[in-house]
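Please find below my note on this model.

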Amino acid sequence: MEYGKDIFLTYTSNLSSSTDTVYACQDRKDDVKAGVHSTAVLFGDYVSAFLNMNAVLFVSLLVVVGIINEQGPLYYAISCMGTACWLLWQSLNLELDNPASCWSKFFYIPFACIIAHGWVPQMPLWATVDLDG
């Protein structure tokens, strides 16, 4: 795949930045006092918008990968829509000023990957990655 490496790198950086931001929201007030420049502090009141943008990008990349690999309706129904629904639920239930809420959402972020890739065995992530080219 010509675009596999770019999609893989964008996908993983997107997931890690979202995960880090949700984790950092647990102690955002302490970060400000200590002078730590986390993404939660950087985006301030726009953390939700940043996370939602990342969720849209994440699902969009799943769709692009599905198109490149000529996936069928099951892939789009489970991997793409299932992940979109999961991320929407996460977004609607995340309380950024509540450390317990941030921790629980941080803990469950990897389930988006399970939905996206674990339920459709004919579509493993590594099938889209050409790390040599």
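The numbered points that follow take the ring pairs and then the loop residue.

1. The model is predicted. It holds 4 aromatic pairs. Two of them are taken up here, the pair of Tyr-75 and Tyr-76 and the pair of Trp-86 and Trp-89.

2. The ring centres of Tyr-75 and Tyr-76 lie 5.2 Å apart, and the planes meet at 85°, so this pair is edge-to-face; the cut-off for that class is over 60 degrees. Tyr-75 has a relative accessible area of 0% and is therefore buried. Tyr-76 has 24% relative accessibility, so this residue counts as partly exposed.

3. The pair of Trp-86 and Trp-89 is tilted, with 5.3 Å from centre to centre and 35° between the planes. Both residues belong to helix H5, which covers residues 73–93. They are 3 residues apart there, so about one helical turn separates them.

4. How accessible are Trp-86 and Trp-89? Trp-86 is at 22% relative accessibility and counts as partly exposed. Trp-89 is also partly exposed, at 40%. Partly exposed applies here because the class runs between the buried limit of under 20% and the exposed limit of over 50%.

5. Ser-38 sits in the loop that joins helix H2 (28–34) and helix H3 (39–43). Its relative accessible area is 11%, so Ser-38 is buried. With neighbours within four places in sequence left aside, Ser-38 is in contact with Ala-24 and Asp-31.

Definitions and conventions
Residues are numbered from 1 along each chain as its sequence is written. This is a predicted model: local features need pLDDT of at least 70, side-chain atom pairs count only at pLDDT 80 or more; totals for chains, interfaces and linings use all residues. Side-chain values use heavy atoms; hydrogens and water are left out. Rings of Phe, Tyr and Trp (its six-membered ring) pair if their centres lie within 6.5 Å; planes under 30 degrees apart count as stacked, over 60 as edge-to-face and the rest as tilted. Buried means under 20% relative accessible area, exposed over 50%, partly exposed in between (1.4 Å probe, protein chains only). Helices (H or I, at least four residues) and strands (E, at least two) are DSSP runs, numbered from the N terminus. Contact means heavy atoms within 4.5 Å.
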